[in-house]
Amino acid sequence: MKDKLIIGRYLPLDSIIHRLDPRAKFIFVFLFIIIIFFSHHWIAYLWLACLILIGIKLARLPLLFLFKGLTPIFIFVGFTFVMHMFVTKGGTRLFEWSFISIDSQGLNEGALIVLRLTFIMITSTILTLTTSPLELTDAFERLFKPLKYFKIPVAALSMMMSIALRFIPTLMEELDKIMMSQKSRGSDFNSGGLFHRIKAFIPLLIPLFISAFKRAEDLAIAMEVRGYDATLERTSFRYLEWHMRDTITLLMIIPIGAVVYWIRTYL
């Protein structure tokens with residue numbers, strides 16, 4: 001199971017994307033996702049797909065590894081497409097049987113929504129695969145540091161984000177152990193229909209949640225014993241350095257957004 005989900009994982013490779021400042025990557029991904037939301041044309045999505053493939057190549061990420069790791073998320077995306085296909089009406093009627101009907105507008109909207117969600121997930125995953133959880137935490141804390149003046153606990157939120165990212169692989173490993181334990185007792189998770197498999201996974205949730213709460217409690221006790229206090233001002237052991245390549249990376253968002261705007265306005 002842990003090899004089939006790469007959300008929250010970090011690949012320590014040597015690429016130009018890995019060497020970028022985490023603040024630059026965080027801002028670029030945030031703006032790129034906004035551009036994805038404003039895209040609503042097939043040519044715009046083709047343009048964004050080419051850019052994402054270039055980003056994957058520059059990050060030296062195995063394409064098959066990336067898409068295989070997002071397979072569990074694609075199940076949710078497929079369900080979203082089916083919902084749009086049957087619910088959204090308009091255009092040419094393609095299929096009709098009893099109370100079930102499929103229109104061309106439903107297929108078009110469903111496909112665009114699927115592309116939008118897929119691009120957002122891939123872009124976010126590239127960010128986590130090329131940036132360590134500690135770097136993401138430092139970038140989040142420094143970018144949102146001005147919010148401290150509005151009494152928002154930025155340090156605590158960044159710590160929570162770091163712990164959440166670190167817990168994802170740990171919980172996947174714990175789920176693997178529980179599944180192996182259940183299989184040794186005769187449980188079967190790979191046969192039967194969809195509802196049978198969902199029903200077989202329900203007994204896994206209780207021990208998984210108990211394990212997660214136990215780990216959270218142990219972590220909280222360990223932090224209290226070491227004197228951690230989120231309300232105190234802390235110094236940083238790691239310092240982020242902004243380079244010219246980071247500025248160039250952020251400036252690249254301007255022509256990317258301009259092309260999407262031109263496609264949305266004139267096509």
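**Reading a helical chain, face by face**

Mentor: Let's start at Ile 34, which sits in helix 1; helices here are DSSP runs of H or I with at least four residues, strands are E runs of at least two, and both are numbered from the N terminus. This is a predicted model, where local features need pLDDT of at least 70 and side-chain atom pairs pLDDT 80 or more, while totals for chains, interfaces and linings use all residues. Residues are numbered from 1 along each chain as its sequence is written, and side-chain values use heavy atoms, leaving out hydrogens and water.

Trainee: Is Ile 34 buried, partly exposed or exposed?

Mentor: Buried means under 20% relative accessible area, exposed over 50%, and partly exposed in between (1.4 Å probe, protein chains only). Ile 34 has 33%, so it is partly exposed.

Trainee: Why do the buried residues of helix 9 line one face?

Mentor: An α-helix has 3.6 residues a turn, so residues three or four places apart point the same way. In helix 9 (residues 244–251), the buried ones are Asp 246, Thr 249 and Leu 250. They line one face because they fall within an arc of 95 degrees down the helix axis, taken from the axis-to-C-beta directions. That set packs against helix 1 (22–38) and helix 10 (253–266), where contact means heavy atoms within 4.5 Å.

Trainee: Which residues touch the most other members of the largest nonpolar core?

Mentor: A core is a set of buried Ala, Val, Leu, Ile, Met, Phe, Trp, Tyr and Cys residues joined through side-chain atoms within 4.5 Å. Among its 34 residues, they are Phe 32, Leu 48, Ile 52, Ile 56, Leu 61 and Ile 122. Elements giving two or more residues to this core include helix 2 (42–58) and helix 5 (104–130). Beyond neighbours within four places in sequence, Ile 56 contacts Leu 61, Leu 63, Leu 66, Ile 122 and Ile 126.

Trainee: And how many helices and strands does the chain have?

Mentor: The chain has 10 helices and two strands, and 36% of its 267 residues count as buried.
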